[in-house]
Amino acid sequence: MASVFSVFKLSFLVSLLSFLNLGSWREPPKSLHILPATCTRIECPSFDSVEVGNGYEIRRYDQAVWMSTSPIQDISLVAATRTGFLRLFDYIQGKNNYNKTIEMTAPVITEVVPSDGPLCESSFTVSFFVPEANQANPPPAEGLHAQKWEPTYAAVRQFGGFVTDSNVGEEAAALQASISGTEWPDAIEKSHGKNSTSVYTVAQYNSPFEFDDRVNEIWILFHMENEYIM
């Protein structure tokens with residue numbers, strides 16, 4: 001019952017955020033097909049658009065800290081994300097070493113390290129973008145760890161609807177196909193090695209109770225040579 005209550009509490013909080021400032025849509029930048037409405041109401045990580053192609057966008061995310069779970073072994077991305085998100089929700093509600101509540105941000109991301117077969121467990125790491133106010137000193141918590149991103153590039157594909165265990169693999173494959181023939185697969189391989197494109201990240205921006213204008217993304221993260229911090 002406690003787990004059910006936590007899910008309800010989480011859904012209520014995110015849904016409440018979704019109903020605030022409904023008229024605050026801003027003009028989407030030319031780089032995006034859809035600007036997640038969530039990012040007009042709560043904090044999202046900042047990035048620059050480097051290139052927009054047919055079915056993909058290349059972004060450069062600024063240096064930032066994310067709070068992450070340990071890898072979760074599961075056959076289901078949806079189940080693993082739910083497990084990780086509830087841990088992170090407890091964290092922002094004050095279950096951390098400082099007993100400090102933290103503002104909600106978006107997106108919640110899940111790094112996927114696929115298994116070798118359809119019935120084998122994959123590895124999932126769920127992460128929460130730490131708000132700017134807490135970036136310098138994010139509260140530590142048992143079972144979670146802070147990840148400091150240096151400036152990071154991402155090949156990105158957007159898709160709508162709800163994330164399912166079946167559609168994420170299709171969308172990840174579509175992203176890989178869309179960047180094929182460009183300079184970006186070589187950059188990804190140089191960054192992470194030949195097997196790097198099998199690892200991808202699912203970014204989710206919406207509450208489970210939001211049915212319209214849902215925005216999700218597939219990210220393939222990488223670093224560029226000669227990148228430096230200003």
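How many salt bridges does the count come to? In this predicted model, the count comes to 4 salt bridges. Glu57, Arg59 and Glu217 are linked in a network of such bridges. The count of aromatic pairs comes to 9, and that of disulfides to 1.

**Salt bridges**

- Side chains of opposite charge can pair when their charged atoms come close.
- Arginine 59 pairs with glutamate 57 in a salt bridge, with 3.3 Å between the closest N and O atoms.
- Arginine 59 also meets the side chain of glutamate 217 in a salt bridge, at 2.7 Å from N to O. This pair links distant parts of the chain, since glutamate 217 is in strand E10 and arginine 59 in strand E2 (residues 56-61), 158 residues apart.
- Glutamate 57 is buried, as is arginine 59. The relative accessibility of arginine 59 is 1%, so arginine 59 falls under the 20% limit for a buried residue.
- Glutamate 217 likewise counts as buried, because its relative accessibility is 1%.
- A further salt bridge joins the side chains of arginine 60 and aspartate 62, with N and O 3.6 Å apart.
- Arginine 60 counts as buried at 17% relative accessibility, whereas aspartate 62, with a relative accessible area of 30%, is partly exposed.

**Aromatic rings and charges over them**

- A pair of aromatic rings is described by the distance of the centres and the angle of the planes.
- Among the 9 aromatic pairs is that of tryptophan 184 and phenylalanine 222, with ring centres 6.0 Å apart. Their planes stand at 50 degrees, so the pair is tilted; an angle over 60 degrees would have made it edge-to-face, and one under 30 degrees stacked.
- Tryptophan 184 belongs to helix H4 (residues 184-192) and phenylalanine 222 to strand E10 (residues 216-222), so the pair ties together parts 38 residues apart in sequence.
- Tryptophan 184 and phenylalanine 222 are both buried.
- Which residues do ring pairs link into a cluster? They are Phe47, Tyr61, Trp66, Phe129, Trp149 and Trp219.
- Arginine 59 lies over the face of phenylalanine 47, 4.4 Å from the ring centre.
- Arginine 214 lies over the face of phenylalanine 162, at 3.9 Å from the ring centre.

**Helix H2**

- Helix H2 covers residues 77-92, and its 16 residues should span 22 Å at 1.5 Å a residue. The C-alpha atoms at its ends are 22 Å apart, which agrees with that value.
- At the start of H2, a side-chain oxygen of serine 76 comes to within 3.3 Å of the backbone nitrogen of valine 78.
- The buried residues of H2 are Leu77, Ala80, Thr81, Gly84, Phe85, Leu86, Leu88, Phe89, Tyr91 and Ile92.
- After H2 comes glycine 94, with a positive phi near 115 degrees.

**Cysteines**

- Which cysteines does the disulfide join? The disulfide joins cysteine 39 to cysteine 44, with an S to S distance of 2.0 Å.
- The link of cysteine 39 and cysteine 44 is left-handed, with -90 degrees about the S-S bond.
- Cysteine 39 has a relative accessible area of 15% and is therefore buried.
- Cysteine 120 counts as partly exposed, because its relative accessibility is 40%.

- Threonine 38 is located in the loop between helix H1 (2-19) and strand E1 (47-53). Its relative accessible area is 8%, so threonine 38 is buried.
- The C-alpha atoms of threonine 38 and threonine 105 are 8.7 Å apart, with 67 residues of separation along the chain.
- Threonine 110 is part of strand E5 (residues 108-113). Threonine 110 is buried, with a relative accessible area of 0%.
- The side chains of threonine 110 and threonine 81 make a polar contact at 3.0 Å. Thr81 is one of the buried residues of H2.

Technical notes: Residues numbered from 1 in each chain as written. Predicted model: local features only at pLDDT ≥ 70, side-chain atom pairs only at ≥ 80, totals over all residues. Heavy atoms only, no water. Helix = DSSP H or I, 4+ residues; strand = E, 2+ residues; numbered from the N terminus. Expected span 1.5 Å × (residues − 1). Buried < 20%, exposed > 50% of the residue type's maximum accessible area, 1.4 Å probe, protein only. Polar contact = N/O pair within 3.5 Å; in protein donor to acceptor, adjacent residues only side chain to side chain. Phe/Tyr/Trp six-rings, centres within 6.5 Å; stacked < 30°, edge-to-face > 60°. Lys NZ or Arg CZ within 6 Å of the ring centre and 35° of its normal. Disulfide = S-S within 2.5 Å.
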